[in-house]
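Me: I have a model open on my screen and would like to learn how to read its features. Could you take me through them one at a time?

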Amino acid sequence: MSGNEIITFLGKDWMELQSVIRGALSTDIGLLQKVNEKLYSRSGKQLRPMVSLLMARTCSAEGVANADSCRFAAAAELLHNATLLHDDVADASAIRRGMPTLSAEMGSTSAVLVGDYWLSSAVQTVLSATGNMEVIRLFARTLSDLAKGEMIQLQNSLTGKTSQEDYFKVIYCKTASLFETAAVSGAISVSASREQVEAARQYASCLGTAFQIKDDILDYEGGEKLGKPMGVDLTEQKITLPLLGAMHNAGKEERRIRKKVTEIHSHPEYAREVTRFVLENGGVEYASRRLDEYVQRAVDALEIFEDSPQKDYLVQIAQYNAYRTI
């Protein structure tokens, strides 16, 4: 799957999306404008707005998106980038997408303020649509989910007691929820049926879950391909699915390994030991099997839709998680 191929397919809708985002970020504050342009030039895959626009076209009887589709897709991308700015501050991250983070370059205060600006721009973009309270509620719920996910993760990092139930709750709140909002708002923008909206929700929830599982796998085996150092999750005392899988497979080692994770800040050398434990006890393979399950569930959710190029691209985006390296 090529992102450029999808962008070409979306054509004028993608151009309108970019216009909406740039308009939302435009400001007469020189420093903020310069920072916004720099950050947006570093945008990643932009999967969320892609999914939103493709879902709008898939649900549309005419196979077309509209102005509100572009606004909702833009809002999803703005909100996503706002959360990244805030996450980099919370995690004290120095690198994002292979480049220095804003917090590393300008300090945490500036990064939080810019993140707040992107967040408010996302809200204003949603409100600029012709009016749909259901979409407003979706974005409001996602904002709440993002905060809840961070707090659950913080709480668990202090105790080392993360369970699989906790893990899936966190990745729903922090990742899948926004994918879901992007897809569902796209469906709603073209007056999709309740059945179509539910299919969009199921697809995107499974897609987002698969996306985060893959990121967590890559943190153990990705290295420089990720554009960030390998093993970041462990240094932040995060217990993710590869480690949970390894502990499940190893059985009696679980208590000892959990204790080492909670002590990584004072014993950084434990990170290498825990990583070796994951790789030697099938943690990556365990997580990969769950990844494949969610990819298939995402694809299955699309069965209610008629065959079309936009549906095919949604299938490819889901399957992309099985083999991507970034």
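This is a predicted model: local features need pLDDT of at least 70, side-chain atom pairs count only at pLDDT 80 or more; totals for chains, interfaces and linings use all residues.

Me: Let's start with the second largest pocket: which residues lie nearest its centre?

Reply: Rolling a probe the size of a water molecule over the atoms shows where empty space is left. In this case the second largest pocket holds about 460 Å³ of space. Its lining counts 22 residues, and Asp87, Ala90, Asp91, Glu150 and Lys174 lie nearest the centre.

Me: Which helix gives the most to the lining of that pocket?

Reply: That is H8, with 9 residues. H5 and H8 each supply at least two residues of the lining. Sorted by class, the lining of the second largest pocket has 10 nonpolar, 6 polar and 6 charged residues.

Me: Glu150 and Lys174 were both in your list. How do their side chains meet?

Reply: They form a salt bridge, at 3.0 Å from N to O. The two partners come from distant parts of the chain, with Glu150 in helix H8 (residues 133-159) and Lys174 in helix H9 (residues 164-189), 24 residues apart. Lys174 has a relative accessible area of 21%, so this residue is partly exposed.

Me: How many salt bridges does a search of the whole structure find?

Reply: The search finds 20. Take Asp13 and Lys12, whose side chains meet in a salt bridge at 3.5 Å, N to O. Asp13 counts as buried because its relative accessibility is 5%. Lys12 has a relative accessible area of 62%, so Lys12 is exposed.

Me: And Lys238 and Glu236, are they buried or exposed?

Reply: Both residues are buried. Their side chains meet in a salt bridge too, at 2.6 Å from N to O.

Me: Which residues are linked in a network of salt bridges?

Reply: Look at Glu253, Arg256, Lys260 and Glu273, which are joined in such a network. Another charge over a ring is Arg57, which lies over the face of Phe9 at 4.9 Å from the ring centre.

Me: Now the rings themselves. How many aromatic pairs does a search of the whole structure find?

Reply: There are 5 aromatic pairs. One of them joins Tyr167 and Phe168: the ring centres are 5.2 Å apart and the planes stand at 80°, so the pair is edge-to-face. In general, a pair of aromatic rings is described by the distance of the centres and the angle of the planes. Tyr167 has a relative accessible area of 4%, so Tyr167 is buried. Phe168 counts as buried as well, because its relative accessibility is 17% and the cut-off for buried is under 20%.

Me: What about Phe179 and Phe211, and what is the angle between their planes?

Reply: The angle is 50°, with 5.5 Å centre to centre, and this aromatic pair is tilted. Phe179 lies in helix H9 and Phe211 in helix H10 (residues 194-221), so the pair ties together parts that are 32 residues apart in sequence. Phe179 counts as buried because its relative accessibility is 0%. Phe211 is also buried, with a relative accessible area of 8%.

Me: Which residues do ring pairs link into a cluster?

Reply: Tyr167 and Phe168 come back here, joined with Tyr294 in a cluster of ring pairs.

Me: One more feature, please. How many cavities of 30 Å³ or more does the structure hold?

Reply: The structure holds 1 cavity of that kind. The largest cavity has a volume of about 180 Å³. Its lining has 13 residues, and the closest to the centre are Leu39, Arg42, Leu85, Arg96 and Arg97. Helix H5 (67-90) and strand S2 (99-100) are the elements that give two or more residues to this lining.

Me: What share of the cavity lining comes from H5?

Reply: H5 provides 4 residues, the largest share. By class, the lining of the largest cavity divides into 7 nonpolar, 2 polar and 4 charged residues.

Methods. Residues are numbered from 1 along each chain as its sequence is written. Side-chain values use heavy atoms; hydrogens and water are left out. A salt bridge is a side-chain nitrogen of Lys or Arg within 4 Å of a carboxyl oxygen of Asp or Glu. Buried means under 20% relative accessible area, exposed over 50%, partly exposed in between (1.4 Å probe, protein chains only). Rings of Phe, Tyr and Trp (its six-membered ring) pair if their centres lie within 6.5 Å; planes under 30 degrees apart count as stacked, over 60 as edge-to-face and the rest as tilted. A charge sits over a ring if NZ of Lys or CZ of Arg is within 6 Å of the ring centre and within 35 degrees of the ring normal. On a 1 Å grid over the protein atoms alone, a cavity is a set of points where a 1.4 Å probe fits but cannot get out, and a pocket is an open set with protein on both sides within 12 Å along at least five of seven lines; lining residues have an atom within 4 Å of a point. Grid points are joined across faces, edges and corners, and a volume is the space filled by probe spheres set on the points. Ala, Val, Leu, Ile, Met, Phe, Trp, Tyr, Cys and Pro count as nonpolar, Asp, Glu, Lys and Arg as charged, and the others, Gly among them, as polar.
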